[in-house]
Amino acid sequence: MGLMDTVRSIFGVSAEADATRNADPEDLFGMSTAYMTMEADLGYENAGQAALCFSSVDSTDFSDTVDEVKSILEAGESDTGTTFDTHSDDHGYSWVVLDDTDPEDLLTTIHFAADTFIEQGYGSRLLAAVFAFDKSGTDHAYWIYSFRRGAYYPFVPEGDHERDNQAEFKLQSVLDGELDIEADESYWYPLWPDRPGGYPWE
C-alpha cells in the first residue's frame, strides 16, 4: 500500500501532538446517512468494502485484543454476511478489511471492531476508518475518518498519485453538516493505492 511519508507522519508520531480528542467510534455513525447522500446526490455507490487501519504494539495483550476483534467479526459473519481479512502493509500498519454489499453492515461491523480496541485500552492505536465508494465502476472516492483528529475528510485519487480536488471539495460541500468534516484541509492526507484504480489497503 502506497502511504506517503506525510501520511505516516500524521498517522504516527506527529499525530499524537495534533490529536484533538480521544478516539470515539460513535462518530462513525454519521456515515449511515452519508451512504444514501453519496448515491442520491453525487452518483457514488457503496463499493462494498471498508477498512480499519491501526498500528500494532509488540505485546501479548495487544495480540489478544486483535484476536478478540477477529472473534467478534467471525461471530458476526453468520448474522450480517460481512466477511473480513486482516493483513499488514509494507509500512508496518495493520488493516481489517471488510466486505459487504450492505453499507449498514459495514458501518456496524467497523464500529464494533473500533470499539473493542478502545475498550481494551488501545484507542490510541487506531489510525483511520476508510469507507469506499465507486462511480462508473472504476472511479473510487473515499471518506476517511481520522481517529487522531476526530473528523472525516474526502479523498478522491485520480490517475497515478494525483488528486481530484474539485471532486473532493464537491464531497465536502454536499456532506458538510451530515459528517463532522475536518476543517483544516492540511490534514486531508491521501492514502494512495499501489496502482491506479486499486484500494489503499491492497
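Which residues does Glu182 touch, not counting residues up to four places away in sequence? In this predicted model, the contacts of Glu182 are Arg149, Ala151, Tyr152, Tyr153, Tyr187 and Trp188. Glu182 sits in the segment after H6. Its relative accessibility is 6%, and because buried means under 20%, Glu182 counts as buried.

The wider setting comes next. The protein has 202 residues, of which 48% count as buried. Its secondary structure consists of six helices and eight strands. Read from the N terminus, the elements follow the order α-α-α-β-α-β-β-α-β-β-β-β-β-α. Among the contacts with a separation of 6 or more, 69% are between residues 24 or more positions apart.

Six of the strands form an open sheet in the order S2-S3-S1-S4-S5-S6, and the pairing is antiparallel. Strand S2 (83–88) and strand S6 (151–155) are at the edges; each has a single partner strand, so one side of each has no neighbour in the sheet. On average, neighbouring strands of this sheet are turned by 20 degrees against each other, with direction ignored. In general, the strands of a sheet are paired through backbone hydrogen bonds, in either a parallel or an antiparallel sense.

Strand S4 deserves a separate look. S4 spans residues 126–135, and nine of its ten residues are buried, so S4 is largely enclosed by the rest of the structure. How many bridges pair strand S1 with S4? Strand S1 (residues 45–55) and S4 are joined by seven bridges in the antiparallel sense. S4 and S5 also run antiparallel, with eight bridges between them. Individual residues show how these pairings line up. Val130 in S4 has Ala51 opposite it, and Val130 also stands opposite Ile144 in S5. For Phe131, the bridge partner in S5 is Trp143.

Which of the elements gives the largest share of the lining? The answer is H6, with three residues. The space in the largest pocket is about 310 Å³. The lining has 18 residues, and those closest to the centre of the pocket are Tyr44, Asp139, His140, Val156 and Pro157. By class, the lining residues are eight nonpolar, five polar and five charged. As a general point, empty space left among atoms is shown by rolling a probe the size of a water molecule over them.

Conventions:
Residues numbered from 1 in each chain as written. Predicted model: local features only at pLDDT ≥ 70, side-chain atom pairs only at ≥ 80, totals over all residues. Heavy atoms only, no water. 1 Å grid on protein atoms, 1.4 Å probe; cavity = no way out; pocket = protein on both sides within 12 Å on 5 of 7 lines; lining within 4 Å. Points joined across faces, edges and corners; volume = space filled by probe spheres on them. Helix = DSSP H or I, 4+ residues; strand = E, 2+ residues; numbered from the N terminus. Nonpolar A, V, L, I, M, F, W, Y, C, P; charged D, E, K, R; others polar. Buried < 20%, exposed > 50% of the residue type's maximum accessible area, 1.4 Å probe, protein only. Pairing = 2+ DSSP bridges. Axes fitted to C-alpha atoms, helices over the stretch in contact; angles between N-to-C directions. Contact = heavy atoms within 4.5 Å.
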